[in-house]
Amino acid sequence: MEETYLLNVEGVKKKILHGGQGELPKLQDGSKITFHFQTLKDDFERTVIDDSREAGIPMEIIVGKMFKLEIWETLLRSMRAGEVAEFWCDTIHTGMYALVSRGMRRIAEGRDPLEGQKHRCGMGNMFDYHSTGYDDLDELQRVPQPLIFIMELFRVEEPSAYKRDTWAMSKEEKLAAVPVLHSEGNRLVLRKEFGQAAAKYQEAVICLRNLQAKEKPWEDGWLKLESLVTPLVLNYCQCQLELGEYYEVLEHTTELLQKHNDNAKAYFKRAKAHAAVWNEREAREDFLRVAHLDPSMAAAVKKELKQLGERMRKKHVEDRKRYQGLFQSPCGP
């Protein structure tokens, strides 16, 4: 089935490739749309730029959350569930595609889509980039052109029908979610389900970091959010210690101490991670710093230092035996 017609939008043409079912969905702010898409150049070869199926997961957008490529909401509003349609969009609608694609590609690669972005308005950040990091997208930025989008609509979910991802929440929703996630993490720790607990703490941190990104660093609003972030990061690190993810602990505690170099608990967790990976000197330095910053932890530090000494002595004995056997001369006949 192929039916071509104009939407009531300048510079857009639609061709239905496969009809959908039911009525047109009634979208409202907060509705989640799930779909696959393919982006092609309007050239003789119909060169493929992006294909969500290659990433293995469909695309999701939230209605009313100011998705940078506004025309996509308009296109999806014209589709029924199960429908496959091809849209031709003129340059007036595709100018932001390179930046949108850049973010989607980074997510698919497991990278932060905002990596390297400065604390500035959206337009300011646009002019900071001389390159997207992808040659084909750089070409689209230099020479905007019409694009073809082939979309397959899977489903539309109302706001109450799905668990909202943190990025899709409002500021108030994120602030309300943090104590709930914190409490859920604590409950999971009591049940020794450290992996699931770490995920709850991490989700809460992401909520707060998203809010912090809109504040000026070290000003009151930023500092209030940071005071909520710190205990969550420490709880996350404790879970990672229990799971044996020592280098993860070293990374996050070091990052925390770069901002708060008087946090005894962060030094203590980092010291335990250093000890676990045989960094004796670094572990001792951090343990001693803990005792200096918080004398109430002196007994715990003394116990950890004693255990560290015993482990290192045992390791040295084992290493000597191993090397003696390695370099011992073979016996003659």
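## Two helix pairs

In this predicted model, helix α10 meets helix α11 through Y246, V249, L250, T253, T254, L256 and L257. On the α11 side, the partners are A266, Y267, K269, R270, A273, H274 and A276. By class, the residues of this α10–α11 contact are 9 nonpolar, 3 polar and 2 charged.

Now the geometry. Helix α10 covers residues 246-259, and helix α11 covers residues 264-276. Their axes come within 9 Å and cross at roughly 150 degrees. Angles over 145 degrees count as roughly antiparallel, so α10 is roughly antiparallel to α11. The crossing of α10 and α11 is left-handed.

A second pair is formed by helix α7 (residues 171-190) and helix α9 (residues 220-243). Here the axes lie 12 Å apart, at an angle of about 25 degrees. Angles under 35 degrees count as roughly parallel, so α7 runs roughly parallel to α9. The crossing of α7 and α9 is left-handed. Helix α7 contributes L175, V178, H182, N186 and V189 to the contact. Helix α9 contributes L225, L232, N235 and C239. This α7–α9 contact has 6 nonpolar and 3 polar residues, with no charged ones.

The table sets out the packing values.

| Helix pair | Axis distance | Angle |
|---|---|---|
| α10 and α11 | within 9 Å | roughly 150 degrees |
| α7 and α9 | 12 Å | about 25 degrees |

What charged residues does each contact hold? The α10–α11 contact has 2 charged residues. The α7–α9 contact has no charged residues.

How values were computed. Residues are numbered from 1 along each chain as its sequence is written. This is a predicted model: local features need pLDDT of at least 70, side-chain atom pairs count only at pLDDT 80 or more; totals for chains, interfaces and linings use all residues. Side-chain values use heavy atoms; hydrogens and water are left out. Axes are lines fitted to C-alpha atoms, for helices over the stretch in contact, and angles run from 0 to 180 degrees between N-to-C directions. Helices (H or I, at least four residues) and strands (E, at least two) are DSSP runs, numbered from the N terminus. Angles under 35 degrees count as roughly parallel, over 145 as roughly antiparallel, 65 to 115 as roughly perpendicular and the rest as oblique. A crossing is left-handed if the near helix is turned anticlockwise from the far one by less than a right angle, and right-handed if clockwise. Contact means heavy atoms within 4.5 Å. Ala, Val, Leu, Ile, Met, Phe, Trp, Tyr, Cys and Pro count as nonpolar, Asp, Glu, Lys and Arg as charged, and the others, Gly among them, as polar.
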